[in-house]
Structure formats: C-alpha cells, structure tokens
Amino acid sequence: MPPPSPLPLDPIEEAHRQWTKHGWGDVADGMAAVTSVMRAQQIMMARVEEVLKPSGLTFARYELLTLLTFTRTGALPMAKASARLQVHPTSVTNAVDRLESANLVRRMPHPSDRRATLIEITDAGRKLAVESTERLNAQVFSQPGVSGDKLEQLVAILAELRREAGDFDTGDAPTKW
C-alpha cells in the first residue's frame, strides 16, 4: 500500500489556529506539542511495524526478544521484563504467549524463587531478534526522520518530558541527556 499523499496544510497548525480562535490560546501550544508527539509516534511506529511485519513480530514482541538478547544468560523473570519494558505484566504475558507458541522463547521455573517464572530466549528467537535489529537499524534507526544535528536535542527534550512524568529518576547522577 503506497503512503498517503501529504496534506496541503499542517493539521496541527490548523488545530492550533482553531484553539486560539475558540479562546483556548493559552493552551494551544501545549495542545500542539502533545498532538505533534502523538502523531510522530504514529509515524515512527508505522515505519517500525512495516519492517517487522515480514518476521511476524510486533514491536512489543521485538522489544522483549531484544531485551532477552541483552541479558547475560538470555533469561529474565517475567516481572523484571515487565519493569524494564515499562509495560503491565499482562502485556508481557501476552507477548510471551505469542513468542512461546512460535518457539522463540520458553518459560522456565525460576531456580531460587518458586513464585517467579523465567522467560528464556531460544536460539531461533535470538536469531530473529538479531535479524530484526539489523533491518530496523538499516531502515528506521539510521534514518529517524530528523537530521543528525537535531537528534540529540530531540532526545534531550523527550528525556526531560519522561523524567518530569516520573518515567525515571537518576537522582543526582548525571545522564547523557
């Protein structure tokens, strides 16, 4: 399916104009910022999903597989995977169900905590994660849609938004952004 033709006007700019016209000018910039971030997320997610679709992965499943490839043993407790991915445990369970049925991960009892279950990546899961990462690197991450000199600024702004929202707290430790 070809991408849609660009609109002849920026709909967020038009919404900003309408917000101001209707007496909400004091919050029009905030509306434009929120709407812009949400639209940018839709655009980026569509690009990522297009690259992952041939492999049968969603972004959520890809993230879980990749997280597991970064671990020393290729396994994590489900609760820790949920925390690191910043998603509800039910979402991890759903992703694990799908990945397990495709033989990309397996559930294993935790060796020292009977209440916990480990998710372990299989060789096929590791191979698919690496191949998918290579495709994403080449087709999406190398060309994020913002010029290189603006990338660090964009990430810094988004990190500030995330930090203020309570997404992370590094205390007094400095971060890159």
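**View 1. Asn-103 sits in the loop between helix 5 and strand 2.** The phi angle of Asn-103 is near 60 degrees, a positive value in a residue other than glycine. Helices (H or I, at least four residues) and strands (E, at least two) are DSSP runs, numbered from the N terminus. A word on what you are looking at: this is a predicted model, in which local features need pLDDT of at least 70 and side-chain atom pairs count only at pLDDT 80 or more, while totals for chains, interfaces and linings use all residues. Residues are numbered from 1 along each chain as its sequence is written, and side-chain values use heavy atoms, with hydrogens and water left out.

**View 2. Gln-86 lies in the loop between helix 4 and helix 5 (89-101).** Here, too, is a residue other than glycine with a positive phi, near 60 degrees for Gln-86.

**View 3. Three strands make an open antiparallel sheet in the order 1-3-2.** Strand 1 (75-77) and strand 2 (105-109) are the edge strands, each pairing on one side only. Neighbouring strands of this sheet are turned by 30 degrees against each other on average, direction ignored. Helix 4 packs on the sheet and touches strand 1, strand 2 and strand 3, where contact means heavy atoms within 4.5 Å. The direction of helix 4 makes about 90 degrees with that of strand 1; axes are lines fitted to C-alpha atoms, for helices over the stretch in contact, and angles run from 0 to 180 degrees between N-to-C directions.

**View 4. Strand 2 and strand 3 (residues 117-121) pair in the antiparallel sense over five bridges.** Two strands count as paired if DSSP finds at least two bridges between them. Look for Arg-106, which stands opposite Glu-120 in strand 3.

**View 5. The largest pocket has a volume of about 1,600 Å³.** Of the 35 residues that line this pocket, Gln-41, Met-44, Val-155, Leu-158 and Arg-162 are the closest to its centre. On a 1 Å grid over the protein atoms alone, a pocket is an open set of points where a 1.4 Å probe fits, with protein on both sides within 12 Å along at least five of seven lines; lining residues have an atom within 4 Å of a point. Grid points are joined across faces, edges and corners, and a volume is the space filled by probe spheres set on the points. Helix 2 (25-52), helix 3 (59-69), helix 4 (78-85), helix 6 (123-141) and helix 7 (148-164) each supply at least two lining residues, and helix 2 gives the most, with nine. By class, the lining has 24 nonpolar, five polar and six charged residues. Ala, Val, Leu, Ile, Met, Phe, Trp, Tyr, Cys and Pro count as nonpolar, Asp, Glu, Lys and Arg as charged, and the others, Gly among them, as polar.

**View 6. The second largest pocket has a volume of about 530 Å³.** Its lining is made of 18 residues, and Pro-3, Pro-4, Arg-39, Ile-43 and Ala-46 lie nearest the centre. Helix 1 (11-21) and helix 2 each supply at least two of the lining residues; helix 2 gives the most, with eight.
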